[in-house]
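Reader: Before I plan my reading of this model, I would like to go through it with you by question and answer. Could we begin once it is on the screen?

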Protein chains: 2
Amino acid sequence: MQAEPQAFDRVLSSMCTEPHPVARDAAERFLATNPGDPGTYPTVTALEDEAIAMLGEIAGLDDPTGYVASGGTEANLQAVRIARERADTTTPNVVMPESAHFSFQKAADVLGVDLRIVPTDADHRVDLEAVRTCVDAETALVVGVAGTTEYGRVDPIPELGRVAREVDAMLHVDAAWGGFVLPFTDHEWNFSHAPVDTMAIDPHKMGQAAVPAGGLLVRSADLLDELAVDTPYLESTAQATLTGTRSGAGVASAVAAMAELWPTGYRTQYVRSQNNAEWLADALEKRGYEVVEPTLPLVAADVPRSTFDALRDRGWRISRTGTGELRIVCMPHVSREMLASFVADLDRLEVRASVPVVCDD
Amino acid sequence: MQAEPQAFDRVLSSMCTEPHPVARDAAERFLATNPGDPGTYPTVTALEDEAIAMLGEIAGLDDPTGYVASGGTEANLQAVRIARERADTTTPNVVMPESAHFSFQKAADVLGVDLRIVPTDADHRVDLEAVRTCVDAETALVVGVAGTTEYGRVDPIPELGRVAREVDAMLHVDAAWGGFVLPFTDHEWNFSHAPVDTMAIDPHKMGQAAVPAGGLLVRSADLLDELAVDTPYLESTAQATLTGTRSGAGVASAVAAMAELWPTGYRTQYVRSQNNAEWLADALEKRGYEVVEPTLPLVAADVPRSTFDALRDRGWRISRTGTGELRIVCMPHVSREMLASFVADLDRLEVRASVPVVCDD
């Protein structure tokens with residue numbers, strides 16, 4: 001096969017990154033294993049227990065239960081599914097901010113639950129008053145995001161927990177991207193800060209594991225039981241995962257990355273990424289763009305569409321928010337040099353754009 | 001990380017196998033890519049198109065549409081989801097044989113459809129009369145299995161297609177395991193043999209790709225549209241997959257394996273596996289066990305539970321059917337030497353079991 005994967009030297013749009021070398025090594029060694037079949041592949045099954053123990057430590061959860069999922073979408077979907085099963089109604093609804101990831105739309109479609117989307121405030125965090133107005137006796141789940149996809153914002157999780165409890169709903173936190181940087185901030189986001197029932201927290205994003213390594217954590221084991229189906233012809237009795245066969249590479253690389261980097265390596269990476277984000281935000285502001293300040297290592301700025309397209313034409317992998325702003329995620333592979341090169345390209349384009357066209361005739 | 005994956009030299013229970021060397025190489029090279037984000041990772045996205053084209057060729061489908069899924073469970077679930085969306089009823093049912101994989105139970109739970117399970121005949125194939133009796137105006141989907149998990153049986157797919165059409169239901173074929181051996185048999189199982197609408201066909205099983213590389217094929221692109229959700233902040237417009245971030249390793253390894261092995265390498269492997277299965281069936285029959293003849297490379301035999309447990313204690317990774325028979329899958333990593341060693345262990349155990357206990361006192 002001749003095709004080569006893209007290099008990461010111009011990737012500014014992804015919430016995935018190059019796996020840490022120890023994670024890559026573990027993924028390669030465990031490529032031919034399947035944690036979905038514990039009777040056949042016991043070593044990787046034991047590694048999954050280690051992964052969940054470490055994720056629990058990161059997310060402030062004693063005696064954690066959960067599993068390594070295919071990614072944040074599966075973890076979010078399974079959280080909605082648990083809430084649906086627990087709800088005392090046949091017409092459950094899920095209340096979430098408009099900033100929540102589109103995987104909740106997918107989950108609602110698949111699971112047949114009603115999605116109630118509430119607006120965010122001027123700082124892109126969920127409007128709490130709108131949540132209070134929106135919940136009712138049929139609300140099965142309130143969703144808070146700890147590190148939104150578009151602006152890296154953290155919703156007020158403890159307050160969402162209080163609202164959820166008032167209507168006897170569950171609380172899910174989507175920390176798929178934020179979970180590996182938030183421990184080094186002052187945000188209240190995890191199981192120890194609020195009555196969080198379920199959480200998505202992905203080693204294959206800021207955790208520097210190889211894809212596929214998402215994480216679903218639940219506060220108590222009985223929540224996972226809501227997902228279990230019987231498993232004939234496997235020498236195990238039940239399976240709570242959405243998929244069947246699963247990647248041992250993902251599980252092993254998650255354990256390797258967390259064992260290597262938690263907490264010191266992740267802290268160092270957070271500081272580096274956050275500094276990069278602030279540097280970029282500052283550089284864009286100085287050039288007159290309207291910038292959404294980076295709470296976490298993610299920068300959004302109001303760059304014209306024509307400039308955006310020209311940057312993509314120059315090979316930059318960049319993406320846009322729903323309202324069209326340039327969006328740059330300062331993942332571990334994003335260096336200060338990359339960002340400086342990006343800003344230099346931006347400057348070149350802007351200079352060209354401001355040069356009047358001279359006609360020869 | 002000190003843990004080591006299991007060796008495959010005693011694995012007789014798995015429907016996965018060691019990836020082919022070219023598949024492993026491709027998986028390692030594309031480990032840090034995400035076909036779920038085509039705007040950022042265009043090379044692996046192009047490879048996915050190649051994967052679907054080759055899967056279509058294998059499954060007799062011109063102009064194929066589909067995607068590389070996390071595995072057979074996702075492909076089966078998505079097929080049920082398509083049928084649910086297409087059904088003219090709010091209470092759709094799915095008719096399937098009892099031999100169908102437990103992933104359909106999972107799909108029914110998740111999707112809220114009614115599962116109608118019909119018995120199999122004396123040869124473990126679906127009882128067609130029972131299917132005819134079971135379908136009705138609310139049947140959204142009829143499922144046929146082309147290579148059952150327990151006995152490797154192939155349901156009468158053309159006949160199931162006729163029954164499905166009579167009630168205006170869709171037809172799904174689960175060829176997750178069988179799809180890479182059936183092209184070398186006389187079975188009628190694919191899109192060219194019957195009005196099949198959707199199919200699960202997994203490169204990461206008999207296709208010798210690395211996990212996760214399942215396959216969902218659909219007869220026409222509009223079927224896939226039933227699954228699509230909008231995708232803000234990706235430079236693409238819609239996503240039909242159940243997961244979001246996906247493994248580029250799976251996609252690249254599927255392409256590499258199929259490019260290398262289709263059709264000659266797969267044919268050679270099928271012949272070798274089938275011969276192994278027949279050799280094992282014969283060996284077990286000679287020893288007085290009741291054996292389910294291997295239609296495809298999978299052997300089931302009525303071995304006592306105590307013997308089964310003793311074989312597991314000796315390190316053999318073996319599993320059982322729902323009714324308790326020993327079940328052995330002759331995957332590519334299963335050699336004649338492995339099987340001979342397994343039978344020799346069985347003989348040792350049986351000799352021991354038949355030696356009367358001599359008491360010293």
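Predicted model: local features only at pLDDT ≥ 70, side-chain atom pairs only at ≥ 80, totals over all residues.

Reader: Which residue of chain B forms a salt bridge with A:Glu4?

Author: The closest N and O atoms of this pair are 2.8 Å apart, which is inside the 4 Å cut-off. The partner of A:Glu4 is B:Arg29.

Reader: Which element gives the most to the side of chain B that touches chain A?

Author: Across this interface there are 29 residue pairs in polar contact, with both residues at pLDDT 80 or more. The elements of chain B that give two or more residues to its side include helix H1 (21-29), helix H2 (42-58) and helix H8 (248-261), along with strand S8 (229-230). The one that gives the most, with 5 residues, is H1(B).

Reader: What is the area buried between chain B and chain A?

Author: The contact draws 73 residues from chain B and 73 residues from chain A. Within the area that chain B buries against chain A, 14% is supplied by B:Met1, B:Leu31 and B:Tyr233, more than by any other three residues. Carbon and sulfur atoms give 60% of the total between the two chains, and that total is about 6200 Å².

Reader: Which element gives the most to the lining of the largest pocket?

Author: The largest pocket has a volume of about 480 Å³, and of the 24 residues that line it, the closest to its centre are A:Tyr67, A:Leu224, A:Ala238, A:Ala240 and A:Arg246. By class, its lining has 11 nonpolar, 8 polar and 5 charged residues. Helix H2 (42-58), strand S1 (65-69), helix H7 (221-225) and strand S9 (238-239) of chain A each supply at least two lining residues. With 4 residues, the element that gives the most is H2(A).

Reader: Which residue of chain B is among the closest to the centre of the second largest pocket?

Author: The second largest pocket has a volume of about 400 Å³. Of the 21 residues that line this pocket, those closest to its centre include A:Glu98, A:Ser99, A:Ala100 and A:Glu150 from chain A, and from chain B the residue is B:Pro232.

Reader: How many residues apart in sequence are the parts that A:Arg153 and A:Asp123 tie together?

Author: A:Arg153 forms a salt bridge with A:Asp123, and their closest N and O atoms are 3.1 Å apart. A:Arg153 lies in the loop between strand S4 (139-145) and helix H6 (157-166) of chain A, whereas A:Asp123 lies in the loop between S3 and helix H5 (128-134), so the pair joins parts whose separation in sequence is 30 residues.

Methods:
Residues numbered from 1 in each chain as written. Chains lettered and ligands numbered in written order. Heavy atoms only, no water. Contact = heavy atoms within 4.5 Å. Buried area = accessible area lost by both parts, 1.4 Å probe. Salt bridge = Lys/Arg side-chain N within 4 Å of Asp/Glu carboxyl O. Polar contact = N/O pair within 3.5 Å; in protein donor to acceptor, adjacent residues only side chain to side chain. 1 Å grid on protein atoms, 1.4 Å probe; cavity = no way out; pocket = protein on both sides within 12 Å on 5 of 7 lines; lining within 4 Å. Points joined across faces, edges and corners; volume = space filled by probe spheres on them. Nonpolar A, V, L, I, M, F, W, Y, C, P; charged D, E, K, R; others polar.
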